[in-house]
Structure formats: structure tokens, C-alpha cells
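Trainee: Hi! Could you walk me through this one? I'm new to reading structures.

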Amino acid sequence: MLVHVNPTTDSATPLAAPPRSPSRPRMHRAWIVAAVTFVTIIGGAAFNSLPGLLIDPLHTEFGWSRGEIGLAVSIDMALYGLTAPFAAALMDRFGIRRVVVVALSAVAAGALAGVWMTAAWQLMLYWGLLVGLGTGSMAMAFSATVTHRWFVARRGLVSGILTAAGASGQLVFLPLCAWIVDRHGWRPASVTVALAALVVVPFVWLLMRDHPADVGLAPYGGTYVEKPAPAKGAATRTLRVLADAARTGPFWLLAGTFAICGASTNGLIRTHFVPSAHDHGMPITAAASLLAVIGVFDVIGTVFSGWLTDRFDARRLLAVYYALRGVSLLFLPMLLGPSVHPPMVFFIVFYGLDWVATVPPTMALCREQYGEDSAIVFGWVLASHQVGAALVAFLGGVARDVFGSYDVVWYAAGALCASAALMALVIRRAPRDGLVAQ
């Protein structure tokens, strides 16, 4: 036994043996939290598969115009983007678990209440307001918060996997909901979406933790840090972070590139690819199938982009992604025709791989530039993504009415992507002292 002699008393006292190092767990808790986050995003994404399937049934049953139904979906999309930065601040104030449980409950309540709606304003309240607030609270800012808190190593890979969760959810629920609507009507499909959100709640409450310090761990690949005190004034902080970030050049470059990302994906391809292909004689079912294939390769491309983000300069990756996307859009008018042929399949596969490959490097640049505020900043950058999507969804239809074809839309989008590539290259590195770049 080790002893220590007190020089003042000459008495010997035993020394405590050094504590034994605990056995290293086979899996870091961070991966469990990431898995729960993945499942949560899938559950929240179930609703995104529903509106497009229900436009005709709702129009037939209630006589609502497609404009009224579309307005409810537009409210959902707008709130999805605008809620994200506030949700990130609320997670800092009240914790990830509480915010996500409330968000899942809001999605379930909106989808379930819709079963008994009889007026168009109820559709806008349930599907627009409730579901929009719920899905917005589980948008990419949720992924950014989990990634930033729980991971130091493999952040790019994790952000890519979590980004792919949204596409995975739609791949799971789109064919399921389509089958339910076809066989049993739209109400059982809405109930299915509500149940998908509710099923995830116990997993979040039991397995999700707000911070590694809650379980006495360091972030994966990092050193132990104390859990920061809850941030008060979530809404005020969100607006303050926006005001501070808006004074810096990198914020506008990131917001601009991500707005073009939304414009060239959700706003352009998801909204206008099917009608454009139909203009060239392709059956709608064939065009819709091609659009579904994009979702398959979206998952692969996003995860691979996360892997690349851990190894290469995020600015150069963004520049390559946007440049290749722009070139592909310039060729699209020549590929459209009455039948599906190998060059068109190649375009679909490539566009799927590139669809949200921009997300992991954009998240990485937000972390580099804005540190602890990065999740909130990314929430605002995501809002610009939704604004870009909404503008092009509207302007693309106007262009089709004016010019009689979508060709000018594809060329304009290609030029926008080229400008996004240049914008990505001029984003300056953050100073080494951690101050935000001016």
C-alpha cells in the first residue's frame, strides 16, 4: 500500500489508489444520438410525402381550388424555412429533447386534425401552420445542432447522413402513402403520417440527450467540455445572431449560394420537371418515376459528400457541385423527349447525387465562420434556401406561360449555378483567433 508521511506529525496515512480507467465502450453515445436524430427526421419527413398525393382527392371531395390547397402547402414551406433558426435557439434554451418532442407532436396534431376538416381555412391551419412549425423545428438546423454538439471528428459524414434522412423518409412513405390513398382514401394516409410522428416520440425522450456532458462524455473525437448554461431570450438571440452575421460577407455568400441550391432543386426540378417533360411528350407517370429515382441517389450523394467534406476544402467542393449542376441544366433541354433514354437516365442519376450534396460543406463553413452560433446561422441560410425555391417555383411557371416552354428556365438556372460556384470560391477563411470574418 502507498503511504504518505505528514512532515508535521510524522504519521503515516495511506494514499488512495488512483481510480481505474473505465473500460472503453464499444460505441460512443454520440452515434446513438445520431441514430435517434436520423429516425426522428424520417418520422417528421413523412408528411412531406403527403400533400402532392392529396391535391386531387381534396379537390374532388370538398371542391377546394388547387390554389387554396397550394396556399396551405406554401405556408408549410415558408414556415419550414423561417422556423429553423428560431428552433436552433430554442434548443439552446430548452434542450433538444423538449423541442423535438413538441415538434413531432405538432406534426401529428396537424395531420390527425386534418381528418375532420371541412373548410379550406382549417387546411391552412392544420397543414400550413401546425405542420409547418413542426417540420421546421426538425429541419436541417436540428441536424446542425446535434452534429455540432456531439461530434468533433466525422462531422461532415454525420451531417451528410442526417441530411439524407429527409430523402430516406420520403422514399419510405411516398409509395406507402400512395398505396393507402389508392386503396383506402386520403384519411387513412393522413392518420399514418400522424402515427409515424408519434411513434418516434418515446425514442427521442428515452435516448436523446441534449449535450455530451449530460452523460459525462466528451464529444466524439474531442475533449470533455462543460455543458453551457441555457441561453435565455431564444427569439432575441436568433435575431441578434442574424444581425451580427448579416454584417459579414461570408453570411451573404452562403445565403446566396444556398438560395440558388433551393432554386435549382425544390423550386425547379421538383416543381417543374414533370410538366416540362410532359411538354416534350413524355408520359406523366414516366416523368414522375424519374423524379423518384432522384431521391434514391440523393441519399448516396449526400452521405458521400459528407465523407468528402471531412477531407477536402468545403469551398472547393461547393464550387464543383454548383458548376457541374449548372452544366447539366444547360444540357437538359436537349435530353427531354417522349421516351426515357440513357442520356436522360444519366442526368437523373447525376442530379440525384448532386441534389443536396451542398448541405455538408455549407454546414461546415457555417461552423468554421460562426462557431457556437453556427446552428442558428445555418437556420437562416436554410431560410434563404426555401425563399429561393419558392421564387423559382413561381417564376418558372410564369416563364412557361410567357415563352411557351421551359427552355429559358433551364438556361437561367444553369447561369445561376455558375454564379453560385464563383460565390463559393470567394468565401474567405475564418481568422484563426475564432473571430467572425468581416
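Trainee: Where is V349 found?

Mentor: V349 is found in helix 14, residues 342–354. Helices here are DSSP runs (H or I, at least four residues; strands are E, at least two), numbered from the N terminus. Before we go on: this is a predicted model, where local features need pLDDT of at least 70, side-chain atom pairs count only at pLDDT 80 or more, and totals for chains, interfaces and linings use all residues. Residues are numbered from 1 along each chain as its sequence is written, and side-chain values use heavy atoms, with hydrogens and water left out.

Trainee: Got it. Why does V349 count as partly exposed?

Mentor: Because its relative accessible area is 23%. Buried means under 20%, exposed means over 50%, and partly exposed is in between, using a 1.4 Å probe and protein chains only.

Trainee: And how far is V349 from V293 in space?

Mentor: Their C-alpha atoms are 7.3 Å apart, while in sequence V349 and V293 are separated by 56 residues.

Trainee: What about D354, buried or exposed?

Mentor: D354 is buried, with a relative accessible area of 5%. D354 also lies in helix 14.

Trainee: Where is G44, then?

Mentor: G44 is in helix 1, residues 29–45. It counts as buried because its relative accessibility is 7%. G44 and A139 are 95 residues apart in sequence, yet 8.9 Å apart in space, C-alpha to C-alpha.

Trainee: And L90?

Mentor: L90 is in helix 3. At 32% relative accessibility, L90 counts as partly exposed.

Trainee: New topic: which residues of helix 4 are buried?

Mentor: The buried ones are I96, V99, V100, V101, A103, L104, A106, V107, A108, G110 and A111. Helix 4 covers residues 96–113, so to speak its 18 residues, and reaches 26 Å from first C-alpha to last, close to the 26 Å expected at 1.5 Å a residue. That expected span is 1.5 Å times one less than the number of residues.

Trainee: Which residues of helix 11 are buried?

Mentor: In helix 11, residues 269–279, they are I269, H272, F273, V274, S276 and A277. Helix 11 is followed by G281, which has a positive phi near 95 degrees.

Trainee: What is the phi of R154?

Mentor: R154 has a positive phi of about 65 degrees although it is not a glycine. Most residues other than glycine have a negative phi. R154 sits in the loop between helix 6 and helix 7 (155–184), and at 40% relative accessibility it counts as partly exposed.

Trainee: Let's do rings. How many aromatic pairs are there?

Mentor: The count comes to ten aromatic pairs. Rings of Phe, Tyr and Trp (its six-membered ring) pair if their centres lie within 6.5 Å; planes under 30 degrees apart count as stacked, over 60 as edge-to-face and the rest as tilted. One of them is F251 with W252, which is edge-to-face at 5.3 Å centre to centre and 80 degrees between the planes.

Trainee: Are F251 and W252 buried or exposed?

Mentor: F251 counts as buried at 4% relative accessibility, whereas W252 counts as exposed at 52%. Another edge-to-face pair is Y351 and W355, with 6.0 Å centre to centre and 70 degrees between the planes. Y351 is buried at 0% relative accessibility, and W355 is buried at 4%.

Trainee: Which residues form an aromatic cluster?

Mentor: W31, F151 and Y220 form one.

Trainee: Which charge lies over the face of Y351?

Mentor: That is R325, at 5.9 Å from the ring centre. A charge sits over a ring if NZ of Lys or CZ of Arg is within 6 Å of the ring centre and within 35 degrees of the ring normal. The charged end of R93 also sits over a ring, that of F94, 5.0 Å from its centre.

Trainee: Great, thanks for the tour!
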